[in-house]
Structure formats: structure tokens, C-alpha cells
Amino acid sequence: MSNPSASPGIHHVTCVAGDPQQNMDFWVEVLGLRLVKRSINQDDPGTYHFFFADAAGTPGTSMTFFPWSDLPDGKVGSGQVATTAFRVPAGSLDRWEARFDSYETAYQPRTERFGQAVLPFEDPDGLPLELVEANIDTADPTVPWTAFVSEEMAIRGFHSVTLWLADPDPTGELLGAMGFEERGTERSGSDPRTRYSAPGPVGAHVDLLPRIEASRQGHGTVHHVAFQTPTDSDQETMRHRVRQRGLQPTPQIDRHWFRSVYFREHGGVLFELATNGPGYDSDEPAESLGERLVLPGPFGERRAEVESNLPEVSIPTAEADGRVADGD
């Protein structure tokens, strides 16, 4: 890596959902991700925080949700992460289309982008998503979770996020300072899509699209995107670079499984810098991740109160589902 403090790529993406059980069922049962952490929004403890990832909760694989059922539906627009894309093994999109048909999940016709096959779809809240075929070798750091889908089609972390921005240029310059290199531009409809890529194998790409459209946060929108700054030293270096570009990053905040810094980039998208540790297995055994409600820090002393304000949810099991692993 030419820049030792460059971000390796995306750490996690956090979104807004509606009904928590619906959210749980789709991301575990339909998409086959593992619930690696069941917790609360640390700024709003009356709301769950779900973390769905690969089998090990590897950095670059966790899609997280705040199920705020009382919010209205959102609207994707400028200053937001418009689409989140995941890597799947090359040749697996036929199986994914069959699985989506089986679960009556809406998807759009495949397309090709930067030489890779892309399958667009949505979750039940209307969150725009994509599966991108990738060549995944034996050295890949992700660990497939195969409770619901076979290894040959299992999601293997993030591929990219697409940002809609009124003016992409300042964001492109910021990404360059974060260690992303401009890889090229393709037309996306009438708009030029410019890709920036990090050196890591997972969550390496950020695509910028010029769009001027009104946005509204709510169900089916991304709250923020987090980028890996693996160590505290990496994070502090990146925080300094961000400040040099006229932005206002927060002090480091302890999020229990990682430490975070937040700021809004030039186009209004909320960015986070997240360390890779301590990790999701720092407070419960790796074999039982997500099975219990974890209340970090002082919330643990208020368990009865916190639990009384949360709706009951159940984690889907393959035995209850009764469908074959690849959805055929």
C-alpha cells in the first residue's frame, strides 16, 4: 500500500428501516447474512441496532439498521448514499434471481458496470441495493455464512456505494486524500459515473454521480457510510486530513465494537471513520454472535428498562424456513 494510512475501503453501512421483524427476516432469511450483533441505537436506546454481516463479522461486511418504525418513508436524493452494492461469486446471479422469485423480492434487469455483472434490487423498505459478480479467491478475508444460502452464492461483503452529489468534484478530492484512486468514468444513463477505489479487497469502490434531487431521510435510505481506519493512529491521521479540507470531524466516539469519528463531506453525505477493533466478538463468543441482546457500557445496568421499550423480534432459522440453500 503506497499510503500506509489509506483507508482499505468501506467498514459498514448504516440504514433506516421500518418494521424490525420484517428487516430481520429479509436480511437473514432472504439475503442469507448472519445477524452478528443485536443491540440498540446508543443515541436512542428505545430503537434496535441490527448488524448483518458475514460469518465472522469481518470489517467490510456489515450492513446495519436502525428500525425507526415511526418515521415516514424516505426519498433518495442528492447528498446521500443512493445505492449499496454487495459482492457475490462470479456466475451466481442466476441463482439469486431464482431466490428472489421464490421470496417475491423485486429486482430489475441485470446491467454491466466497469466490466462486472450487476443485479439491482430493493429490500422491503425500498432501499436500493445491488449484487455484483466478483472473482473471489481463496485468500479473500470474508467468511461465507451458509445457513440459508450455499457458499457458491453467499454475499461476501461490500462491493461499493454510489453517492448522488450536486457537485462530485470536492468529494472526489476528499476520497483521494483518504487513499482512494480515481479508476475511470462510465455513463450511467445521461450522467457520468466516476469510480474511486481503495487498496483493500472488500468494499473497495465509491462511485460518484452528479444528481440534483431533493432527498428525505426515512425508511429505505442510508443514514451513513463508514470507512475503515484500522487503528487509532490511522484514524487520527485521517481525521487530520479531513480537517485540513475544511470539514469538521467529531472527536473519537467509543461505539463499543469500534471507535468512530463522524463528519459530513462537502456534498452532505454523513461519513464515519471506524477502527477495525475491538470487533463483534469482543463481548460474546464467535459461535453465538447475535443470539442475545447486547447492551454496551452503562446500558447494561438498565437492561429491564431498555428491553421493556423494545418490540420482540425472532431470528429466522433455516429449519423453520425449509427451503434449499441456493433457492432453486
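Which residues form one aromatic cluster? Phe26, Trp27, Tyr48, Phe50, Phe52, Phe65, Phe86 and Phe158 do. The model is predicted; local features need pLDDT of at least 70 and side-chain atom pairs count only at pLDDT 80 or more, whereas totals for chains, interfaces and linings use all residues. Residues are numbered from 1 along each chain as its sequence is written, and side-chain values use heavy atoms, with hydrogens and water left out.

**Overall architecture**

The protein contains six helices and 16 strands; helices (H or I, at least four residues) and strands (E, at least two) are DSSP runs numbered from the N terminus. Its radius of gyration of 19 Å agrees with the value near 20 Å that a compact globule of 328 residues would have. That radius is taken over C-alpha atoms, and the globule rule is 2.2 Å times the number of residues to the power 0.38. The C-alpha trace spans about 50 × 45 × 40 Å along the principal axes.

Of the 328 residues, 58% are buried. Buried denotes under 20% relative accessible area, exposed over 50%, and partly exposed the range in between (1.4 Å probe, protein chains only). The protein exposes about 13300 Å², of which carbon and sulfur atoms supply 47%; accessible areas come from the Shrake-Rupley method with a 1.4 Å probe. Among contacts (heavy atoms within 4.5 Å) with a separation of 6 or more, 69% are accounted for by residues 24 or more positions apart.

The protein carries 27 positive and 50 negative charges, and their mean positions are 5 Å apart. Lys and Arg count as positive and Asp and Glu as negative, while His and the chain ends are not counted. Each charge is placed at NZ of Lys, CZ of Arg, CG of Asp or CD of Glu.

**Aromatic pairs**

The structure holds 17 aromatic pairs. Rings of Phe, Tyr and Trp (its six-membered ring) pair if their centres lie within 6.5 Å; planes under 30 degrees apart count as stacked, over 60 as edge-to-face and the rest as tilted. Trp27 and Phe52 form a stacked pair, 6.4 Å centre to centre with 15° between the planes. This pair links distant parts of the chain, since Trp27 belongs to helix 1 (residues 20-30) and Phe52 to strand 3 (residues 44-53), 25 residues apart. Both Trp27 and Phe52 are buried. Phe263 and Phe271 form an edge-to-face pair, 5.7 Å centre to centre with 70° between the planes. Phe263 counts as buried at 2% relative accessibility, and Phe271 is buried at 0%.

**Backbone and loops**

Two non-glycine residues with a positive phi are listed below.

A cis peptide bond joins Gly277 and Pro278, with omega about 10°. Pro278 is placed in the loop between strand 16 (270-274) and helix 5 (303-308).

Leu71 occupies the loop between strand 4 (62-67) and strand 5 (80-89). At 31% relative accessibility, Leu71 counts as partly exposed. Leu71 touches Val16, Gly218 and His219, leaving aside residues up to four places away in sequence. The C-alpha atoms of Leu71 and Val225 are separated by 20 Å, and these residues are 154 apart along the chain.
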